[in-house]
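Subject: Structure handover

Hello,

Here is the structure for you to open. My notes on what was found in it follow below.

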Amino acid sequence: MPVAACYGVELRIRQRNAYAMTDPVMLERMLTNILLNAFRHAKKANILLSLRLKTINDEPKWFIEVYDTGAGIP
């Protein structure tokens, strides 16, 4: 949140009661890279970090999603 404020963006986080069986250092590194990219390119924007449960082929799967109101890639 403090880093987002330095870039002038509002970061919202939708938390869920779930866990991932993965390398926590690599997961943090990936999320940090994605969020910093959104902070840099979404000037005065809103950014949402969300964990969503979706059904794929009748199996529940968790997805980490980042939504922003930046210009995007042409």
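First, a definition: a residue counts as buried under 20% relative accessible area, as exposed over 50%, and as partly exposed in between, with a 1.4 Å probe and protein chains only. By that rule cysteine 6 is exposed, because its relative accessible area is 70%.

Some background on the source. This is a predicted model, in which local features need pLDDT of at least 70, side-chain atom pairs count only at pLDDT 80 or more, and totals for chains, interfaces and linings use all residues. Residues are numbered from 1 along each chain as its sequence is written, and side-chain values use heavy atoms, with hydrogens and water left out.

Overall layout

The protein has two helices and three strands. Helices (H or I, at least four residues) and strands (E, at least two) are DSSP runs, numbered from the N terminus. Along the sequence the pattern reads α-β-α-β-β. The C-alpha trace spans about 40 × 25 × 20 Å along its principal axes. The protein has 74 residues, and 19% of them count as buried.

Methionine 1 lies in the segment before H1. Methionine 1 is exposed, at 54% relative accessible area. From methionine 1 to alanine 20 is 19 residues in sequence and 22 Å in space, C-alpha to C-alpha. Cysteine 6, the exposed residue above, belongs to helix H1.

The aromatic pair

How many aromatic pairs does a search of the whole structure find? The search finds one. Tyrosine 7 and phenylalanine 39 form this pair, with 5.9 Å centre to centre and 40° between the planes, and it is tilted. The cut-offs: rings of Phe, Tyr and Trp (its six-membered ring) pair if their centres lie within 6.5 Å; planes under 30 degrees apart count as stacked, over 60 as edge-to-face and the rest as tilted. The pair links distant parts of the chain. Tyrosine 7 is in the loop between helix H1 (2-6) and S1, phenylalanine 39 is in helix H2, and 32 residues separate them. Phenylalanine 39 counts as buried, because its relative accessibility is 4%.

Strands S2 (residues 46-56) and S3 (residues 59-68) run antiparallel, joined by 10 bridges. Two strands pair if DSSP finds at least two bridges between them. Arginine 52 stands opposite phenylalanine 63 in S3. Phenylalanine 63 has a second contact to look at: the charged end of lysine 54 sits over its ring, 5.2 Å from the centre. That wording requires NZ of Lys or CZ of Arg within 6 Å of the ring centre and within 35 degrees of the ring normal.

Asparagine 57 is in the loop between S2 and S3. Its phi is positive, about 50°, although asparagine 57 is not a glycine. Asparagine 57 counts as exposed, at 71% relative accessibility. Aspartate 58 is also placed in the loop between S2 and S3. Phi of aspartate 58 is near 65°, again positive in a residue other than glycine. Aspartate 58 is exposed, because its relative accessible area is 76%.

The largest pocket

The largest pocket has a volume of about 290 Å³. Of its 15 lining residues, the closest to the centre are Arg16, Ala18, Leu27, Leu51 and Ile64. Strand S1 (10-14), helix H2 (24-41), S2 and S3 each give two or more residues to the lining. By class, the lining has 11 nonpolar, two polar and two charged residues.

The terms, briefly. On a 1 Å grid over the protein atoms alone, a pocket is an open set of points where a 1.4 Å probe fits, with protein on both sides within 12 Å along at least five of seven lines; lining residues have an atom within 4 Å of a point. Grid points are joined across faces, edges and corners, and a volume is the space filled by probe spheres set on the points. Ala, Val, Leu, Ile, Met, Phe, Trp, Tyr, Cys and Pro count as nonpolar, Asp, Glu, Lys and Arg as charged, and the others, Gly among them, as polar.

Back to one lining residue. Alanine 18 is in the loop between S1 and H2. Alanine 18 is partly exposed, at 35% relative accessible area. Alanine 18 and phenylalanine 63 are 11 Å apart in space, C-alpha to C-alpha, and 45 residues apart in sequence.

Best regards
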